[in-house]
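Subject: Structure handover

Hello,

Here is the structure I said I would pass on.

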Amino acid sequence: MTILKSRELVVGTLGEMDPIDDRLMQKKQQEGACLLGYNTNHGMRIDVKLRTDDLSTFRPYPELAATLVHELSHNWVGEHNVLFWTNYGQMRVEYLWKHACLLLGGDFVNGKRTAELAGVTSQLMKNISKSVIEELAHEMVQHRIPVQMVIPAVLDFSKELMEETKDDTNSGGRLLGRASVQSSSVGQSSAKELALAAAEKRAREAKKRPEKE
């Protein structure tokens, strides 16, 4: 996954939540919430709820991917605060943008383009950042954090990412890795440190901007 490489994220073990007897899941259900995954010790282990509640099938791929990106964001930020949602929103944009770029090439899995499996439709491609902001608004409401606090950071990141990668496609249309770009400019700081610092900066700038009614 591109975001793992670009942000130097490491996961010790990726597991499946017990669809029937998971204590954390049961506790969340008693609180009226729905737990789809959790991150233990900042990436030492990530568990994702792969199956539907009736155990008849797997959950839709786009939902599983969104859950995994959410849990990966917890590698850096444990609490569901503004910094977490800023980072998560940017990671979602990067993930969807990667698949949108793959539409230009010939990447298929079981006869389907990877973008189709990821849920990247032509409508979503028109405005990925808008789609991600709508997702954030839906998810952040339960944490009582207004989505307006992260919108500027997500939009700024989207513009930077698309500008940064507009020429990074090869003849086959596949988006080239960003590691080569980062490795030449990182210097003494890791890509992870730079990305988190950028997220923190954007979150601070968003707080300073006046809210629009």
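Does E8 count as buried, partly exposed or exposed? E8 counts as partly exposed because its relative accessibility is 40%; buried means under 20% relative accessible area, exposed over 50%, and partly exposed in between, with a 1.4 Å probe and protein chains only.

Some ground rules. This is a predicted model, in which local features need pLDDT of at least 70 and side-chain atom pairs count only at pLDDT 80 or more, while totals for chains, interfaces and linings use all residues. Residues are numbered from 1 along each chain as its sequence is written, and side-chain values use heavy atoms, with hydrogens and water left out.

E8 lies in the loop between α1 (2-6) and β1 (13-16). Helices (H or I, at least four residues) and strands (E, at least two) are DSSP runs, numbered from the N terminus. Most residues other than glycine have a negative phi. E8 is not a glycine, yet its phi is positive, at about 55 degrees.

Next, the hairpin. β2 and β3 run antiparallel and are joined by four bridges; strands pair if DSSP finds at least two bridges between them. N39 stands opposite I46 in β3. Four residues sit between the strands, and N41 takes a positive phi near 55 degrees.

H42 is in the loop between β2 (37-40) and β3 (45-48), and it too is a non-glycine residue with a positive phi of about 55 degrees. Leaving aside residues up to four places away in sequence, H42 touches H74, N75 and G78, where contact means heavy atoms within 4.5 Å. H42 and H74 are 32 residues apart along the chain, and their C-alpha atoms are separated by 6.2 Å. The side chain of H42 also reaches the backbone oxygen of N75 at 3.4 Å. That is a polar contact: a pair of N or O atoms within 3.5 Å, where, within protein, one must be able to donate a hydrogen and the other to accept it, and residues adjacent in sequence count only if both atoms are side-chain atoms.

Last, two helices. The axes of α4 (residues 82-102) and α8 (residues 151-165) come within 9 Å and cross at roughly 30 degrees. Axes are lines fitted to C-alpha atoms, for helices over the stretch in contact, and angles run from 0 to 180 degrees between N-to-C directions.

Regards
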